[in-house]
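This report is a guided reading of a complex, written for someone who is meeting it here. Please keep the sequence and the 3D view at hand while reading.

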Amino acid sequence: MIFLTVGTQFPFDRLVRAVDNIFDQDLIDEEVFAQIGETSYKPRNFESVASLEKKVFDERFKRASSVISHAGVGTITMALKNHKPLLVMPRMKRYKEHVNDHQVATAKKFEELGHILAVYDVKELPDGIRKLKNFIPLKRKASPDAIADRIRRFLNSLQD
Amino acid sequence: MVLSKNNKMKICLTASAGGHLTELLKLADGWQEYEVFYVSTANMVAKKLRQYGPTHVVGECNREHLLRVILVLMRCIGVILRERPNVVISTGAAVGCIVCYLGKLLGAKVIWIDSIANVEWISLSGRMVRHIADLFLVQWPELAEQYSNVEYVGAAI
């Protein structure tokens, strides 16, 4: 199953519609399940819900063979943690999908580092989905402990 | 510094639901020994946050919807006046920015960790908070070189 998720803050119909259209061209030979936010668009080719409870979301995420989403940090984090092949398409300000275009830079950076695949237009999506099948994401070495340690030192210094 | 009844610093942890909150929670080791409370934007995450501490949901807002911003601002004022934190820690976005400013007005120290989503520039909220932050961290080394008074020590994700 391919899990399609667009986060919960705003809908992202451009991506959902594009995946739906690709289905018509027989380019997807797997079941798709989608979390698409509050939107009037209803996919013809796969099951979708507006939102999922966190627990159910996590379950679906873990069960998926791969994930397609916006370039949100929440989804990227989950994909890295669960070692899932992830294909993102960034939200764009010009389509009123976000307040700015920072998702483009986020996608490019994580793509460059080999952690995710990215497409920047619906036209590139079929190719992206083809690549997703065999994509093996590079593991990421994060350093939350270093930040936590810096915060702890700062807080300690306030009490001196 | 005015401490709470148990003589501990009280820390306000604030982030929008979604990626911002995911990043913030990864850093929890940093404030383990202190009294904390949370300010976030959606009921969906409140259940989870309440396991860690008192939680206030103030609703979602961004700069495109001014009326929402005012509504959320009023709620944040209520929370901060009641809770009186000694420190505010945030990973963004708009709500984090509002709470940092309110906390600062009441004398709190401000720690801002700009989201890892921001690769080319610091976020708009971050640029606003930079003027009042006591500790400002970014998650890409290139950004620390671009701005003054900004530190890179690692990435949460």
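## Strand S1 of chain A and its partners

Strand S1 (residues 2-5) and strand S2 (residues 32-35) of chain A run parallel and are joined by 4 bridges, where strands are DSSP E runs of at least two residues, helices are H or I runs of at least four, and both are numbered from the N terminus. Two strands are said to pair if DSSP finds at least two bridges between them. Within this pairing, A:Phe3 has A:Phe33 of S2(A) as its bridge partner. S1(A) and S2(A) form a right-handed β-α-β unit together with helix H1 (residues 13-24) of chain A; right-handed means that, with the strands pointing away from the viewer, the path from the first strand over the helix to the second runs clockwise.

S1(A) also pairs with S4(A), again in the parallel sense and over 4 bridges, and there the bridge partner of A:Phe3 is A:Val67. A residue counts as buried if 20 or more other C-beta atoms lie within 10 Å of its own, as exposed if 12 or fewer do, and as partly exposed in between, with C-beta atoms placed from the backbone.

## What kind of model this is

This is a predicted model, in which local features need a pLDDT of at least 70 and side-chain atom pairs count only at pLDDT 80 or more, while totals for chains, interfaces and linings use all residues. Residues are numbered from 1 along each chain as its sequence is written, and chains are lettered from A and ligands numbered from 1 in the order in which they are written.

The predictor gives an ipTM of 0.96 and a pTM of 0.94 for the complex. For chain B the average pLDDT, which is the predictor's confidence in each residue on a scale from 0 to 100, is 95, and 100% of its residues score at least 70.

## The sheet and overall build of chain A

Chain A has 6 helices and 6 strands, which follow one another along the sequence in the pattern β-α-β-β-α-β-α-β-α-β-α-α. The strands form an open sheet with parallel pairing, in the order S3-S2-S1-S4-S5-S6, and its edge strands, which pair on one side only, are strand S3 (47-49) and S6 of chain A. Further along this sheet, strand S4 (residues 66-69) of chain A is joined to S5(A) by 3 bridges in the parallel sense, and A:Val67 has A:Leu86 of S5(A) as a bridge partner.

Taken along the principal axes, the C-alpha atoms of chain A fill a box of roughly 65 × 30 × 30 Å. Of the 160 residues in chain A, 39% are buried.

## A:His98 and helix H4 of chain A

A:His98 lies in the loop between strand S5 (86-88) and H4 of chain A, and it is buried because 23 other C-beta atoms lie within 10 Å. Not counting residues up to four places away in sequence, A:His98 touches A:Arg91, A:Lys93 and A:Gln103, a contact being a pair of residues whose C-beta atoms, placed from the backbone, lie within 7 Å.

Just after H4(A), A:Gly114 takes a positive phi of about 80 degrees.

## Where the two chains meet

Between the two chains, 28 residues of chain A are in contact with 36 residues of chain B. Helix H3 (73-82), helix H4 (102-112) and helix H6 (144-159) of chain A each supply at least two residues of the side that touches chain B, and the largest share of that side, 12 residues, comes from H6(A).

## Strand S6 of chain B

In strand S6 (residues 135-138) of chain B, B:Leu135 and B:Leu137 point one way and B:Phe136 and B:Val138 the other way, and all are buried. S6(B) pairs in the parallel sense with strand S5 (residues 109-113) of chain B over 3 bridges, where B:Ile113 stands opposite B:Leu137. The chain crosses from S5(B) to S6(B) through helix H5 (residues 124-129) of chain B, in a right-handed β-α-β crossover.
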